Structure formats: C-alpha cells, structure tokens
Amino acid sequence: PVVTPFFDEPTNTLSYVVQDPTSKACAVVDSVMNLDYPSGTVTFDSADRIIAYIEERALELVWILETHVHADHLSAAPYLQQRLGGQIAIGAQIARVQQTFADVFNTEPGFARDGSQFDVLLNHEDPIVIGNLAGYAMHTPGHTPACMTYVLGDSVFVGDTLFMPDG
C-alpha cells in the first residue's frame with residue numbers, strides 16, 4: 001500500500017492514510033480529534049489535514065479503522081465519516097472496554113455499551129478490503145481487551161500494541 005503518516009504533536013499520535021496503489025480506495029487508521037484541555041474546546045485540525053490530503057488526491061475513503069479506544073486522544077472517526085464517508089471499524093471486544101469506561105467515568109444510563117457506535121465490529125482474521133488491497137484484522141489484546149492490529153498488504157498497524165522505549 002501507499003502509506004502516508006500524519007503526526008499530531010499535542011497527543012504524540014500517528015494517524016495513517018493507507019491507499020491501494022492500484023485504485024483510489026483508501027483507509028484512515030487512528031484519526032485524532034483535537035481537544036484543548038484548558039478551554040474544553042474541540043477542533044479538527046489534525047483530521048482536516050487528512051481530509052485535505054484525501055480530497056487533493058481524489059481518494060475514496062472506504063474504512064476508518066480504530067486500533068483501540070484511546071485514552072490519550074479522542075477519535076475524529078465520526079467527523080471523517082460525515083465529511084468523506086467510509087465505515088468506522090474497531091475490535092469486537094469494544095463492549096468490554098465501554099463497560100469499564102462507563103463504570104469508571106459514571107456515564108449516564110443511556111450510554112450504549114454494546115459497540116453500536118461503530119459500523120463494523122471486527123474479529124480476529126476478519127478481512128479488510130481497500131480497493132484491490134487485501135488485509136485482515138488481528139486481535140491483539142493487552143493494552144485494552146479490544147486492541148486490534150491491521151495487516152494491510154505488507155504493512156502492519158499496531159496502534160499501542162508496541163511502544164517505543166522512553167529515552
């Protein structure tokens with residue numbers, strides 16, 4: 001695949017646009033919605049850079065893939081979907097994480113804890129097709145019970161399954 005990284009400095013997060021080299025089909029992995037903690041305001045600067053990249057190249061967004069629910073940043077997946085389409089996917093074990101978050105953060109009773117906020121809940125070895133590019137999801141629990149790794153062509157997106165050492 002053609003892989004283009006986007007680094008969000010405030011959250012130290014890498015997002016990726018993954019394009020099938022034989023078509024205009026692409027996916028976005030681990031998008032970032034920007035949150036200014038002191039003011040409590042949300043912006044989409046990081047996501048807008050990805051949108052501009054996709055639009056400039058007339059790409060077709062078919063997947064918005066989350067490796068896991070992130071505690072260090074918010075996902076821009078719904079914003080990307082609203083602007084460009086595509087299906088939002090995450091690991092099928094997300095309901096376990098949502099239950100934990102609901103208990104820890106005392107969410108309102110109406111908060112769905114079944115993964116229904118996502119279009120597709122992926123299981124181990126479920127296929128992911130981006131144009132002519134074949135890939136699959138790999139369940140890699142550890143950081144969270146719902147962590148997924150995405151193998152897309154000869155590239156692997158591990159989210160926070162692996163960390164670089166500090167220092």
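Reader: What share of the 167 residues in the protein chain is buried?
Author: Happy to start there. Buried means under 20% relative accessible area, with exposed over 50% and partly exposed in between (1.4 Å probe, protein chains only). This is a predicted model, where local features need pLDDT of at least 70 and side-chain atom pairs count only at pLDDT 80 or more, while totals for chains, interfaces and linings use all residues. Residues are numbered from 1 along each chain as its sequence is written, and side-chain values use heavy atoms, with hydrogens and water left out. Of the 167 residues in the protein chain, the buried share is 42%.

Reader: How many helices and strands does the protein chain have?
Author: Both kinds of element are DSSP runs numbered from the N terminus: helices are H or I with at least four residues, and strands are E with at least two. By that count, the protein chain has 3 helices and 12 strands.

Reader: In what order do the 6 strands of the open sheet lie?
Author: Two strands pair if DSSP finds at least two bridges between them. The edge strands, each pairing on one side only, are strand 1 (2–8) and strand 8 (120–122). The pairing in this open sheet is mixed, and the order is 1-2-3-6-7-8.

Reader: At about what angle does helix 2 run to strand 6?
Author: Axes are lines fitted to C-alpha atoms, for helices over the stretch in contact (heavy atoms within 4.5 Å), and angles run from 0 to 180 degrees between N-to-C directions. Helix 2 (residues 77–84) lies across strand 3, strand 6 and strand 7 (87–91), and its angle to strand 6 is about 165 degrees.

Reader: Why is strand 11 largely enclosed by the rest of the structure?
Author: In a regular strand the side chains alternate between the two faces of the sheet. Here both faces are covered, with Met148, Tyr150 and Leu152 buried on one side and Thr149 and Val151 buried on the other. Strand 11 (residues 148–152) is largely enclosed because its buried residues number 5 of the 5.

Reader: Which residue takes a positive phi in the hairpin of strand 11 and strand 12?
Author: These strands pair in the antiparallel sense over 3 bridges, and Tyr150 stands opposite Phe157 in strand 12. The hairpin has 2 residues between the strands, and the residue with a positive phi near 60 degrees is Gly153.
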